[in-house]
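Good morning, everyone. Please have the sequence and the model open while I talk.

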Amino acid sequence: MGEHVEVNGTTLWAECRGQGPDVLLIAGLSDPAEAWQAQLDGLSDRYRVIAFDNRGSGRTPLPERPVSVGMMADDAAELLRALGVDRAHVAGFSGGSAIAQELALRHPEAVRSLVLMSTWARADPYFTAMIRFWHWLATQAPDERAMLEALFLWIYTPRAHANGMVQHIIDDTLAFPYPQSAETFQRQLETFMRHDTLDRLPGIMAPTLVLAGELDMATPVRLGRAVADAIPGARFEIMPQEAHQPFQESPDLFNARVDAFWREVDGHAPLP
């Protein structure tokens, strides 16, 4: 069960599951805590897993004043403190990976280790053009289903479109009782497009694993590689035949990989 937690001048919706070393999962654009369902279910037998709704997603409101990725990182740090967590393994996906980078830079004492999935440090021309198109799509698509069908061409693999997974996710999104408005979607996009940590990434000292999907069109391999190259000692791995969201498409594979990394960081076992 989730709960509302007062942090940093707002109310975050958070869900905690399981017992063991603390893990904080930070979702990306539009995604509520439920995006991490396969990790909440699949990792909570050995970790205390925490997922939450970022500002503007799910049950957490987006304030009228401008929002920055740094502010969202401060939210995450205060959430950990409010839940009595001193340090956590942090995994961020896409926009959540931008937040995770800022969290490790602004609150290094709170980060035990860092997993950055489908990440980037600075927008390049392709990324910027894609975001501008998504911004346009949010209000110009004939309806929300059509908007999601178009957006998800960048997000999921061809196999997920072929096997019905994408249509299932679209149905679930449309049925979710806390929908995100087009305006809020656009404001989140604008926030994430301004993300730029490339020159500061050498300041991250936490053990870091950067994962990139081989087929990811939204945050291509080159962007993840640039992040890993800038963080001292970071490991960079490409997940074959995966796209932007392998933690949903191939959760067993993703869960096993991050579990092995966290176990090594905690001194329990080497990476396979």
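Leu114 counts as buried, at 0% relative accessibility. Keep in mind that this is a predicted model.

Where does Leu114 lie? Leu114 is in strand E6. Now look at its surroundings. Set aside the neighbours within four places in sequence, and Leu114 is in contact with Val90, Ala100, Ala104, Ile204, Pro207, Thr208, Leu209 and Phe261. Here is a distance to go with that. Leu114 and Ala234 are 120 residues apart along the chain. Their C-alpha atoms are separated by 9.3 Å.

Follow the chain on to Ser118. Ser118 is in the loop between E6 and H4. Is Ser118 buried or exposed? Ser118 has 0% relative accessibility, so it counts as buried. Check the backbone too. Phi of Ser118 is near 55 degrees, a positive value in a residue other than glycine.

There is another serine to look at. Phi of Ser30 is near 75 degrees, and here again the value is positive in a residue other than glycine. Ser30 sits in the loop between strand E3, residues 22-26, and helix H1, residues 37-43. Its relative accessible area is 23%, so Ser30 is partly exposed.

Now a histidine. His107 lies in the loop between helix H3, residues 95-106, and strand E6, residues 111-117. Buried or exposed? His107 is buried, because its relative accessible area is 12% and the cut-off for buried is under 20%. Which residues does His107 touch? Leaving out those up to four places away in sequence, His107 touches Ala73, Asp74, Ala77, Arg81 and Glu102.

Next, a glycine. Gly9 is in the loop between strand E1, residues 2-7, and strand E2, residues 10-17. Gly9 is exposed, with a relative accessible area of 76%. Gly9 and Asp75 are 66 residues apart along the chain, and their C-alpha atoms are separated by 8.8 Å.

Then strand E8. It covers residues 235-239, and Phe236 is found there. Phe236 has a relative accessible area of 23%, so this residue is partly exposed. What does Phe236 touch? Beyond residues up to four places away in sequence, Phe236 touches Val210, Ala212, Val221, Gly224, Arg225 and Ala228. Compare the sequence and the space for one more pair. Phe236 and Leu25 are 211 residues apart in sequence. From C-alpha to C-alpha, Phe236 and Leu25 are 19 Å apart in space.

**Two helices**

On to the helices. An α-helix has 3.6 residues a turn, so residues three or four places apart point the same way. Hold that thought.

Take H5, residues 144-151. Which residues of H5 are buried? They are Met147, Leu148 and Leu151. Look down the axis of H5: its buried residues fall within an arc of 95 degrees, so they line one face of the helix. What covers them? The cover includes helix H4 (125-140), helix H7 (165-175) and helix H8 (182-193).

Now turn to H7 itself. Val166, Ile169 and Ile170 are buried in H7. Down the axis of H7, the buried residues fall within an arc of 100 degrees, so they too line one face of their helix. The cover on the buried residues of H7 includes H5, helix H6 (158-162) and helix H10 (246-249).

**The whole chain**

Step back. How many helices and strands does the protein chain have? There are 11 helices and eight strands. The radius of gyration is 17 Å, close to the 19 Å that the globule rule gives for 272 residues, so the protein chain is as compact as a globular protein of that length. Along the principal axes, the C-alpha atoms fill a box of roughly 50 × 40 × 35 Å.

How much of the protein chain is buried? Of the 272 residues, 56% count as buried. Now the contacts. Count those with a separation of 6 or more: residues 24 or more positions apart account for 76% of them.

Last, the surface and the charges. The protein chain exposes about 11400 Å², and carbon and sulfur atoms supply 54% of that area. The chain has 22 positive and 36 negative side chains. The centres of the two sets lie 5 Å apart.

That's my tour. Thank you.

Technical notes. Residues numbered from 1 in each chain as written. Predicted model: local features only at pLDDT ≥ 70, side-chain atom pairs only at ≥ 80, totals over all residues. Heavy atoms only, no water. Helix = DSSP H or I, 4+ residues; strand = E, 2+ residues; numbered from the N terminus. Rg over C-alpha atoms; globule rule 2.2 N^0.38 Å. Buried < 20%, exposed > 50% of the residue type's maximum accessible area, 1.4 Å probe, protein only. Contact = heavy atoms within 4.5 Å. Areas by Shrake-Rupley, 256 points an atom, 1.4 Å probe, with all protein chains shown as cover. Lys, Arg positive; Asp, Glu negative; His and termini not counted. Charge placed at Lys NZ, Arg CZ, Asp CG, Glu CD. Arc of directions from axis to C-beta.
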